[in-house]
Amino acid sequence: GREENPIKMAESSSCADYTTCDSCTDNSTYTHYCHWCSFDNACHAVGSVYGCAYGVSCYAIDSCMRQSPEPRGDLPPPAGATAGVLCLAASLLMCMSCCLLVSCKVKDAYLNLLPRGQGG
């Protein structure tokens, strides 16, 4: 017969029957492919729409997550941000220079069209 996809089999399995992380992962087999999800602390079938994309390790879950944020201090901006700001500043300077050049040329052309003595 045709072999079924283990993930599809797991969706109809009884992963939800396991109430601890250890029992969930210890009893995960080819036919019941389960993992523990930290967002709801429950066992879900891998690929289930109710579960998570990646299961967590059951060993020392508390030590894997910080209980409170750690201060990082003042960090310099990333090099990409600095380069982006410099490129933007250079582009603006170039654009303003071009606008000034064009406006001066238009003014000169206008003054050349006027009869002598009428231009300022």
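Before anything else: the model is predicted, so local features need pLDDT of at least 70, side-chain atom pairs count only at pLDDT 80 or more, and totals for chains, interfaces and linings use all residues. Residues are numbered from 1 along each chain as its sequence is written, and side-chain values use heavy atoms, with hydrogens and water left out.

Let's start with the overall layout. The protein chain has four helices and two strands. Helices here are DSSP runs of H or I with at least four residues, strands are runs of E with at least two, and both are numbered from the N terminus. Read from the N terminus, the order is α-α-β-β-α-α.

Now burial. The chain has 120 residues, and 15% of them are buried. Buried means under 20% relative accessible area, exposed means over 50%, and partly exposed is in between, with a 1.4 Å probe and protein chains only. The chain exposes about 9900 Å², and carbon and sulfur atoms supply 61% of that area. Those areas come from the Shrake-Rupley method with a 1.4 Å probe; for residues, only the protein chains shown count as cover.

A word on contacts, meaning heavy atoms within 4.5 Å. Take the contacts between residues at least 6 apart in sequence: 27% of them join residues at least 24 apart.

On to the strands. β1 and β2 pair in the antiparallel sense, over four bridges. Pairing requires that DSSP finds at least two bridges between two strands.

Which way do the residues of β1 point? C34 and W36 go one way, H35 and C37 go the other, and all are buried.

That brings us to the core. The largest nonpolar core has eight residues: C15, C21, C24, C34, W36, C43, A45 and C58. Elements giving two or more residues to this core are α2 (21–26), β1 (34–37) and β2. By nonpolar core I mean a set of buried Ala, Val, Leu, Ile, Met, Phe, Trp, Tyr and Cys residues joined through side-chain atoms within 4.5 Å.

Next, the disulfides. How many does a search of the whole structure find? Four. The criterion is a pair of cysteine sulfur atoms within 2.5 Å. I'll take three of the links in turn.

First up, C15 and C34. Their S to S distance is 1.8 Å. This pair links distant parts of the chain, 19 residues apart: C15 is in the loop between α1 (6–11) and α2, and C34 is in strand β1. The link of C15 and C34 is left-handed, with -75° about the S-S bond. Both cysteines are buried.

Then C21 and C58. The sulfur atoms of this disulfide are 1.8 Å apart. C21 sits in helix α2 and C58 in the loop between β2 and α3, so the bond ties together parts that are 37 residues apart in sequence. The link of C21 and C58 is left-handed too, at -85° about the S-S bond. Are these two buried or exposed? C21 is buried, because its relative accessible area is 9%. C58 has 16% relative accessibility, so C58 also counts as buried.

Now C37 and C52. Here the S to S distance is 2.2 Å. C37 lies in strand β1 and C52 in the loop between β2 and α3, so this pair ties together parts that are 15 residues apart in sequence. The link is left-handed, with -85° about the S-S bond. C37 and C52 are both buried.

What is the pairing pattern? Number the bonded cysteines in sequence order, and it reads 1-4, 2-8, 3-6, 5-7. C95 is in no disulfide; the nearest cysteine sulfur belongs to C99 and is 4.3 Å away. C95 counts as partly exposed because its relative accessibility is 45%. C104 is partly exposed as well, with a relative accessible area of 39%.

Last stop, Y59. This residue is in the loop between β2 (42–45) and α3 (61–64). Y59 has 67% relative accessibility, so Y59 counts as exposed. Along the chain, Y59 and C21 are 38 residues apart, yet their C-alpha atoms are separated by 9.0 Å.
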